[in-house]
Amino acid sequence: YERGLIEASLAPVKQQITTLAVLEKQFAAARDYDAAITARDERKRLQGELARLDKDLLLLQSREQALKTALLPDRIKLPLETATLKELRQEGGAITGWSKIGAAATWKLPSLPAGGYEVLLRYRCGAAEGGALLVKESRFSLTTTIETTLKGPEERNAGTLKISDGSGTLTLAVESLVTNNLMQLLAVELVPASR
């Protein structure tokens with residue numbers, strides 16, 4: 001409610017500031033300096049009010065963001081079967097075939113609040129496999145190294161990705177290969193960075 005009230009007040013305050021600036025110039029041109037000073041002082045007072053409203057709005061938006069993040073589960077699982085695959089395949093509960101630069105798996109994000117999310121990957125990677133994996137959303141990306149997993153499948157943190165559009169997509173793509181395969185991907189999860 002408070003946010004709606006502030007947003008509704010912004011346009012009239014801006015309009016009033018513009019009108020006062022025009023009046024100030026008109027009064028000064030007509031050599032009515034007392035009226036020009038009064039218009040200037042009122043314009044400056046409203047500019048201060050506009051700055052205060054802007055700060056209040058930013059504070060409310062960060063509070064809303066914190067509340068949305070608090071309501072998220074500890075881990076957001078991106079099911080492998082919902083991924084759109086490019087030059088990859090699903091095989092035995094894993095996404096495999098990461099053998100070409102640009103091969104990718106893309107998920108539709110489940111309406112997450114914007115913010116930082118740790119990207120957790122569970123995968124297998126043999127001694128002759130590995131390379132670099134690009135993790136990206138609509139605006140931001142990060143690159144992580146896929147290393148050999150000696151004790152079978154392992155969960156590794158690929159890093160924290162800033163997500164700007166929580167209704168957009170998340171893509172994992174091969175950036176470089178050591179030999180002819182990157183890994184066998186078993187799970188992808190996002191953890192809100194504030195946890």
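Mentor: Start with a term. Buried means under 20% relative accessible area, exposed over 50%, and partly exposed in between, with a 1.4 Å probe and protein chains only. This is a predicted model, where local features need pLDDT of at least 70, side-chain atom pairs count only at pLDDT 80 or more, and totals for chains, interfaces and linings use all residues. Residues are numbered from 1 along each chain as its sequence is written, and side-chain values use heavy atoms, leaving out hydrogens and water.

Trainee: Is Ser111 buried or exposed?

Mentor: Ser111 sits in the loop between strand S5 (104-108) and strand S6 (115-124). Strands (E, at least two residues) and helices (H or I, at least four) are DSSP runs, numbered from the N terminus. The relative accessible area of Ser111 is 55%, so Ser111 is exposed.

Trainee: What is the phi of Ser111 near?

Mentor: Ser111 is a residue other than glycine. Its phi is positive, near 50°.

Trainee: How many Å does H1 reach from its first C-alpha to its last?

Mentor: H1 has 28 residues. The expected span is 1.5 Å times one less than the number of residues. That gives 40 Å expected, and H1 comes close to it, at 41 Å.

Trainee: Where does the kink in H1 lie?

Mentor: The bend at a residue is the angle between axes fitted to the seven residues ending there and the seven starting there. In H1 the kink is about 25°, shortly before the proline Pro12, at Leu10.
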